[in-house]
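Trainee: Could we go through this structure together? I would like to begin with the spaces inside.

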Amino acid sequence: MMVAQILAVVIFVFMFAMIVVDKIERQYVTLGCGALTLVLVFGLCMHSLTAIWNTLNVRTIFTMDFWYQAGESAESSGGINWATIIFIAGMMVMVEGMARVGFFRWLCMRIAQLVHYKTVPIFITFMIMSAVLAMFIDSITVILFLAAVTVELAGLLKFTPVPMIMAEVFCANLGGSATMCGDPPNIIIGTSLHYTFTDFITNTGVIVGVALIAVVIYFYFVFRNELKKKTGEVTENPEELDPKKIITDKKGFVISCIIFLCAVVMLITHAQTGLTVAFIGLFIALVTLLAAGKAAGSILKKVDYKTLLFFVGLFIVVNGLEETGILKIIANFIGSISGGNVYVIVGIILWISAIASAVVDNIPFAATMVPVIRTLSQTQGVGLPILAWAMAIGTDVGGSATPIGASANVVGIAVAEKNGHHIGWGKYCKSVMPVTVLVLLIATAILFVRYL
C-alpha cells in the first residue's frame, strides 16, 4: 500500500505542476495522469479491479438515484462525478444557445442604455450584473461575453476597460460562490455532498450578499479616477449602441429566455421535485437543441469538450489519493494541528482553500478537498455543512487573487489582451488582492458568528 500511496501522490503532484506550467493542454494532462493512476496505482500496485471499476463509476449513471431522488440519498461514491460533468455539459449547451441569438450582448447593451452610457454607472451595474449572472451561469461564460462587451463599449465611449474587466472578474467569482451552479468548485461540492441550490443560496449566498456591497464600494473608490478619464472624443453612434439591433433571431431569443428561466426554476426547486442536477442538465440541453432546430449542430460544436475531459481525468487522479488513504492522512493532519478546535479547523479550511486557489486552478483543488472535509467532519466532529461553505467561499474567492487562480481570470485577461489592453500581474494583484482579503475576513466573521 505504501508504494501505491507514493505513486498516487507523485502522479497528483506531477499533474498539478503540468497544469500550472501550462505547456500541454490541461485535458491531456489530467487524462494522461488518470490513465497512469488506473494502470500503475490500481492495477500494478493494488491489483484491484474493484478500485478501477469504482473509479470509472459508470454504473451510477444507470441507477434511478442518479436522475431522481425521492428522499435523502446516500453519500456520493468516489470516482468520476458524472453528475457534475453532465450538468456542466447541459449548461454549456444552454449558454451557447443563448449566445447564438444575441442574449448576452443585448443584456449588456440594454443596461448601458438604461444608465445613459455613463461610465461610472456602467461600471457599478456591470459588476452587479456579473455577480448575478454568475449565480446561474458558469463564471467563465459570463466573463467571456461581459469582457468582450466592455471592450466594445470602451471603444465607443472612450474609456479604459481594464479596471472594469478586473472588477467584473472578481464579482463573477464572488457571485459564482453564492449558488451550486455558479462555479465548477461549487458544482463538485454540491453533487458530491448532495447539497441543493437552496442550501447554497441560504448559506454562501448570504455571505456573498454582504460581501458584494463591500466589493462594489471598494472598486468604486479604487478605480473612480481611472474611469473618469477619457481616451478620446466620444462619438456615439446610435446604430452601434442600439440593443434591438443585436438580437439576431427574435423567436429564438424569446425561447432562449424561457429555457433559461426554466433552468433557474428547476435548480431552485430540485430539492422539492427530486430531480437531480444531472437530469436538469440533460433536460435543458435537449430542449435547447430541439428549439435550435438546424442550428443544433453548430451549438454542439461550440461546447467546451476539453473542459469536460479535463474533469474526467481529474476525478480519476483525485480518487487515486482517496483509495490509497492519502486524503484521510491529510484530514487527520489538519485535525491534529488544530487540536480539535472547531474555529481553527474552519479557519484553516477557508484560508488554505483561498491561498491554494490563488496559486493553482481552484477546480482540481476543490475536487481534492471534498473527501478531505468529509473525513474531517467524521473524525473531528465538525459539522460537514460549515466546512463545505468555508471551502466553497475559499476556493471561489481565493481564486480571484491572482491572474491564474480561476479560469474566469484567465479568460478576462485574455479578452483584454486580444483587444490591446495589457493587464500585468502587478496591476492585477495590487488592485484585487486587498479586496480578496477583505471578503475572506467578512466570510470568516460570518462563519464564526452564524455557525459556531
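**Cavities and helices**

Mentor: About 60 Å³ of space lies in the second largest cavity. Please keep in mind that this is a predicted model.

Trainee: Which residues line the second largest cavity?

Mentor: Its lining consists of D138, S139, I140, N173, D183, P184, P185, N362, I363, A406, S407 and A408. Two or more of the lining residues come from each of α8 (139-157), α10, α20 (362-380) and α22 (407-418).

Trainee: How many of them are nonpolar, polar and charged?

Mentor: By class, the lining of the second largest cavity has six nonpolar, four polar and two charged residues.

Trainee: How many cavities of 30 Å³ or more are there in the structure?

Mentor: There are three cavities of that size. The largest cavity has a volume of about 110 Å³.

Trainee: What lines the largest cavity?

Mentor: The lining of the largest cavity has 14 residues, and I88, M92, D138, P184 and I187 are those nearest its centre. D138 and P184 also belong to the lining of the second largest cavity.

Trainee: Which helix gives the largest share of the lining of the largest cavity?

Mentor: That is α5, with three residues. At least two residues come from each of α5 (82-100), α10 (184-193) and α17 (305-323).

Trainee: And the classes in the lining of the largest cavity?

Mentor: There, 11 residues are nonpolar, one is polar and two are charged.

Trainee: Which residues make the contact?

Mentor: From α21 the contact uses I386, W389, A390, I393, G394, V397 and G398. From α23 it uses T436, V439, L440, A443, L447 and Y451.

Trainee: Why does the numbering skip along a helix like that?

Mentor: An α-helix has 3.6 residues a turn, so residues three or four places apart point the same way.

Trainee: How many charged residues does the contact of α21 with α23 have?

Mentor: It has no charged residues; 10 are nonpolar and three are polar.

Technical notes: Residues numbered from 1 in each chain as written. Predicted model: local features only at pLDDT ≥ 70, side-chain atom pairs only at ≥ 80, totals over all residues. Heavy atoms only, no water. 1 Å grid on protein atoms, 1.4 Å probe; cavity = no way out; pocket = protein on both sides within 12 Å on 5 of 7 lines; lining within 4 Å. Points joined across faces, edges and corners; volume = space filled by probe spheres on them. Helix = DSSP H or I, 4+ residues; strand = E, 2+ residues; numbered from the N terminus. Nonpolar A, V, L, I, M, F, W, Y, C, P; charged D, E, K, R; others polar. Contact = heavy atoms within 4.5 Å.
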